[in-house]
Amino acid sequence: MQETFDSSHIAATGYCFGGRFVARYLAAGRSLEAGSATRPSGTTADEWDAISLPINLAFGQLAQSNAPENRSDIDAVSSKSTKTFQTSLYLKAEHGFAVRTNPSIPQEALAQEAASWQAMRWFDA
């Protein structure tokens, strides 16, 4: 991508299953420089531990794929090192809250907008 698009920086965002690939490519020696994952699923503790570059994480409180235990494990792995990471939990947000939202429900609209804004600001920093 760097050669094809003449870009010196590459970042990525992933949702659900795609979030695991963002985590994988933030390991040392991989191709990303920063990443954002919204409700990442299927990622192992070893993959979280291997992350060496900045990552932004967003979770929906009601998303079954990211139970409280899973979120705690991610925070524990990330906190035990000098990793740069940010985690946000959106109350009453279900699976898909960042892409499938009923905009007429204020809390759902706020969660979607906040997660999107947070990811964009993460890459600007």
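A polar contact here is a pair of N or O atoms within 3.5 Å; within protein, one must be able to donate a hydrogen and the other to accept it, and residues adjacent in sequence count only if both atoms are side-chain atoms. Keep that in mind as we walk through this predicted model, in which local features need pLDDT of at least 70, side-chain atom pairs count only at pLDDT 80 or more, and totals for chains, interfaces and linings use all residues. Residues are numbered from 1 along each chain as its sequence is written, and side-chain values use heavy atoms, with hydrogens and water left out.

Let's start with the sheet. Its four strands form an open sheet in the order β1-β2-β3-β4, with parallel pairing (two strands pair if DSSP finds at least two bridges between them; strands are DSSP runs of E, at least two residues, and helices runs of H or I, at least four, numbered from the N terminus). Because β1 (11-15) and β4 stand at the edges with a single partner strand each, one side of each has no neighbour in the sheet. Strand β3 (residues 55-60) is joined to β4 by six bridges, and Asn-56 stands opposite Gln-86 in β4.

Now follow the chain to Thr-101, in the loop between β4 (85-90) and α4 (106-124). Leaving aside neighbours within four places in sequence, Thr-101 is in contact (heavy atoms within 4.5 Å) with Glu-108, Ala-109 and Gln-112. The side chains of Thr-101 and Gln-112 make a polar contact at 3.5 Å. A polar atom of the Thr-101 side chain also lies 2.7 Å from the backbone oxygen of Phe-97.
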